[in-house]
Amino acid sequence: MKPFLLLAVILSGGTAMAFNVTFSVTAPAGTEKLFITGNCRNLGDWNPGQVEMTKTGQVFQFSTTLEGKIEYKYTKGSWDGVEKDGKGQEIGNRTLEITADMVIKDAVAVFSDTAKAKPKKSLTGSIELIETLKYKLIVYLPPGYRRSKKNYPVFYLQDGQNLFDASTSFMGVEWGCDETAEKLIKLKKVEPLIMVGIYNSSERISDYTAFPDQKNGGGKADPYLDFIVKSAMPFINSHYRVKSGPENCGIGGSSLGGIFSLYAAFSHPELFGKCAVISPSLWWADRAILKWLSGKGPGKIWLDMGDQEGEPGEEAVQSILNLRSLKEKLIGIGYAESDLSYLEVKNAAHNEAAWAARFDRVLSFLFPALE
C-alpha cells in the first residue's frame, strides 16, 4: 500500500488486521519457566508474570493473535528476571510489525538475576523513600532544602520507581529527574521544587484509567486519585515545607500516566495548577478522555508526543493526530499559547529514555525560575 493510501485508511478510522503469531524461544540452560510480556492485552500489558510460555526441552512457545506494531520482552516471571544481552547489559524492547501469520524465533542470552551487570543505584541529591502509605512514595528535595526555611512548589509524578533510580526503573532506564532538576536549579532556569514520585502497583492499568476500555478493562482511576488527594498530598504537606495554592502544585505522567494526570488536573483544578501530559495514551477507551474534557482545568499544561509512538493497533501518525485533537480541544476550552506548551518530538519512541531526554523542557515550562 502506498504511503498516502495508508494515511487515508488511518484518517478514516481503519484498524490493523489481527494475525496468528507463534513465538518460539530458546533460553539458557536451567530455565524452568519463561514469560512473554508486551504492550498489548494478549501479551499481558507489560505484566512480567502473566503470560507463561509452554516448555518443550529448552524451547518455549506461545501462540496468540496480534495486530499492528508491538513491543515485547521475555522474563522469568518478574522484572528481576528480565532478559539481558550476552554481556549482561540492558537491552531495548523487541519490536515487531504484524503484517501476516508468522512464527517468531528468538533467543534469550541471559537474565538479569544471573547476569553480572546489574543497574546500580543512581540517586542524586536529597531523596527520601516513604513506605508507610498504600503506594510507595519517593521524594526529591531541592538543593539547600535542609539549610533553609523556605517553602517549595511540589510536582507529583506517576510511575515513581522510574524517575530517579536505575536500580528500580523499568528495564533499568530512569528518567533522571533528580539530575535534571539539580542542573536546572543550579543554572537558575527552574524554581527549586519538591518532586514526589508515586510508585505504580500491579493495578497500574486500572489506577491510571478513568474509563474502561472494551479490550483492556481498567476504568478505576477514582480510588487512586482519592489516594493522592486524601493521603499522599496531606502527608507531603505535613512532613515537608510546601507552598500552598494550585499555582504551586503540579501533576504529571507518561503514557497511561499522562491521561491519568490530565484527568486528575481537570477533576481537581483547585489543587493542581500545572499538568504534564507526556506521550498520553489517548487511544484508550476510544479516546474517552477527549470526549470527557470540559470546563476549567489547570493553569498550565505541557503536552507532547514522539513521532515514532505507535499505539496498539495504530500507526505513529495516529498517535500524533490524537495529540493534535487534544490540543485543539484545549484551545477550544480557552487555553492560550502562554498556558499550553505543545511539542511533537522527532525520532522519539514511547519509552523512558525518550521521556528523560525532554524532561528538562517539561520542568522549564511548568516551573520556570522566579524573576
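## Lys 55 and its partner

Lys 55 is partly exposed, with a relative accessible area of 31%; here buried means under 20% relative accessible area, exposed over 50%, and partly exposed in between (1.4 Å probe, protein chains only). Its side chain meets that of Glu 32 in a salt bridge, at 3.4 Å from N to O. Lys 55 sits in strand β3 (residues 54–56) and Glu 32 in the loop between β1 (19–26) and β2 (35–38), so the pair ties together parts that are 23 residues apart in sequence. Glu 32 counts as exposed, at 57% relative accessibility.

A salt bridge is a side-chain nitrogen of Lys or Arg within 4 Å of a carboxyl oxygen of Asp or Glu. Helices (H or I, at least four residues) and strands (E, at least two) are DSSP runs, numbered from the N terminus.

## About the model

This is a predicted model, where local features need pLDDT of at least 70 and side-chain atom pairs count only at pLDDT 80 or more, while totals for chains, interfaces and linings use all residues. Residues are numbered from 1 along each chain as its sequence is written, and side-chain values use heavy atoms, leaving out hydrogens and water.

The structure holds 16 salt bridges. One of them links Lys 186 and Glu 182, with the closest N and O atoms 4.0 Å apart. Both residues lie in helix α2 (residues 177–186), four residues apart, about one turn of the helix. Lys 186 is exposed at 61% relative accessible area, whereas Glu 182 is buried at 10%.

Glu 309 and Arg 358 form another, their closest N and O atoms being 3.7 Å apart. Glu 309 lies in the loop between β16 and α7 (316–333) and Arg 358 in the loop between α8 (352–357) and α9 (359–366), so the pair ties together parts that are 49 residues apart in sequence. Glu 309 is buried, with a relative accessible area of 1%, and Arg 358 counts as buried at 1% relative accessibility.

Let's turn to β16. Seven of the seven residues of this strand (residues 300–306) are buried, so it is largely enclosed by the rest of the structure. Both faces are covered, with Trp 302 and Asp 304 among the buried residues on one side and Leu 303 among those on the other.

Strands count as paired if DSSP finds at least two bridges between them. β16 pairs with strand β15 (residues 274–278) in the parallel sense over five bridges, and Trp 302 is the bridge partner of Ala 276. Six bridges join β16 to strand β17 (residues 340–345), which also run parallel; there, Asp 304 stands opposite Leu 343.
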